[in-house]
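Please walk me through the salt bridges in this structure. Which parts of the chain do they connect, and how exposed are the partners?

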Amino acid sequence: MKKLLELITEEFEKAFEQCGYDAKLGKVGISNRPDLCQYQCNGAMAGAKLYHKAPIMIAQDVVAVVSEHTMFQSVEAVNPGFININLNSEFVADYLNQMKHEEKFGICNSHPETVIVDYGGANVAKPLHIGHLRSAVIGESVKRITKYMGNQVIGDVHLGDWGLQMGLIITELQERKPELPYFDESFQGDYPSEAPFTISELEEIYPCASKKSKEDEAFKERAHQATLKLQSGYAPYHALWQHIMNISKEDLKKNYDHLNVEFDLWKGESDAQPYIPGLIQDLTDKGLAYESQGALVVDIAEESDNKELPPCIVRKSDGAALYATSDIATLIEREQDFHPDKYVYLADKRQDLHYTQFFRVAKKAGIVKPETDLIFIGFGTMNGKDGKPFKTREGGVMRLENLIAQINEAVYEKIMENRSVSEEEARKTAEIVGLAALKYGDLSNQASKDYIFDIDRFTSFEGNTGPYILYTIVRIKSIIEKYKAEGGEISNLSVLGTENAEQLQLMLEIAKVNEVIENAAEELAPHKICSYVYDLANAFNRFYHGTKILTEEDEAKKKGYIALICMAKTVLETGIELLGFEAPDRM
């Protein structure tokens, strides 16, 4: 199904061509002066230079042709050569009725791709903190939007599970519980199936060990040796590592569930390790890797670079691999398993150099095809009201579950202020609305931008917030339920043309949905979905306040209203589903 703008542009392209001008001049866009018109065409302005003719004369020629089409309510040439366009509401109604019966609002992807989205990045043995929020929230939305477009999308958590932190944990555990069989070199039996620690103990062990390693060189060296033994396949430490992984994954899944974030793969850096020796050999054989100050590096600089880029280190002087090595090796595994057309990585924008380096190495080495897209979405920082990275009152990094609890409590208090519902229902609703507040507050900002985390603003039921969007959906649900309770049937209803300005504006806003989703998918930009659902919610609420929907005496009109708001509800619910949250039945 063609988008509304495409249909309008087609008519203007034909008109320009019919008048003897280049069809490309017929491009139409949404008006930047909605008080004057709905759409506008500025092609006559560009045509003036090409044809040495006053732009108003070109515009008048085109208007004379195109105004005969029943699609338009009015088409007007205005000085110095703009063309103002208003659509016939009957045409818009027909378009919506057709869209209603199309799958995914008529969106069609003729070239579906296999896409891997890498958007977790949490380290095991540590709780999720607010630094993990943006990657999870933006990544989940990017995954959903990309999947909605008909692509095969694979989301990978890609855990940090193979570095020095493992050696630190093992060494600290040995000091605390030396009697465990993992530290008895003479032990011959099977290692216990139950972990010798809880998640709470594990979360306390790591920071303690990390602090100790900064103060005690001997401890740090023992941790380093433990890491090497683990990575060399030492069975007792591998058994401990497996316990760490099992307990950590269970806790991480619980926390990601609270964010409504799901991964198809729970892979980690450890999964890439078997591919590293072959990778190093391949880079060496191809003459791409060479020694520099004892390390093995690959040059990535290109003539088109506007700044100096250092080589990518793929092996340190002590023989250890780095994050870049692990990430490149992970590409080898993913190419082998999935043959993706596109990769999307999400991480703090300060890691831009890292991604530039390993993307270029992967292309130079032929690990991915030249046409494979490697995309890095670098996100900004979530800051407090002081403009600095968000912290707890004590100045530490806040656990993500505590942040979610704060949001939910703020929403709960607002619900109880204005509603006489049970505490149990209020708590359940607060969890749904709280998640919307948190996710929308993040996603409504362009990913690369820093933003201020303002719990009062994010949980407000007014303004550009998640709760406002949900409240609008709940309001529409309530109207529809009342209509059904009065004996109304909502199936097979059709949107009707109108002279009501607020109704027509709502119709036009709904009609944009296929274009907005396609654009958001192309640019991997969830904030565009946020902007759209906010505009649509505003358009609905203006219509709602200016129209007597359920008390309309003309039955045909009333049915047309109900058909329209059912569409608005469907589009809004689709929008928030792509953003990663849902609406309650009432608020």
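Start with lysine 477 and aspartate 585, which form a salt bridge in this predicted model. Their closest N and O atoms are 3.4 Å apart. Lysine 477 sits in helix H17 (residues 466–485). Aspartate 585 belongs to the segment after helix H21 (555–579). Lysine 477 has 14% relative accessibility, and because buried means under 20%, it counts as buried. Aspartate 585 is at 65%; the cut-off for exposed is over 50%, so this residue counts as exposed.

Next comes aspartate 305 with arginine 360. Their side chains meet in a salt bridge at 2.8 Å, N to O. This pair also links distant parts of the chain, 55 residues apart. Aspartate 305 lies in the loop between strand S8 (295–298) and strand S9 (312–315). Arginine 360 is in helix H13 (residues 352–364). Here aspartate 305 is partly exposed, at 22% relative accessibility. Arginine 360 is buried, with a relative accessible area of 17%.

Now take glutamate 509 and lysine 512. They form a salt bridge too, with the closest N and O atoms 3.1 Å apart. Glutamate 509 is buried, and its relative accessible area is 5%.

Salt bridges can also share partners. One network of this kind joins Glu172, Glu175, Arg176, Glu204, Lys212 and Arg222. Across the whole structure there are 38 salt bridges.

Key
Residues are numbered from 1 along each chain as its sequence is written. This is a predicted model: local features need pLDDT of at least 70, side-chain atom pairs count only at pLDDT 80 or more; totals for chains, interfaces and linings use all residues. Side-chain values use heavy atoms; hydrogens and water are left out. A salt bridge is a side-chain nitrogen of Lys or Arg within 4 Å of a carboxyl oxygen of Asp or Glu. Helices (H or I, at least four residues) and strands (E, at least two) are DSSP runs, numbered from the N terminus. Buried means under 20% relative accessible area, exposed over 50%, partly exposed in between (1.4 Å probe, protein chains only).
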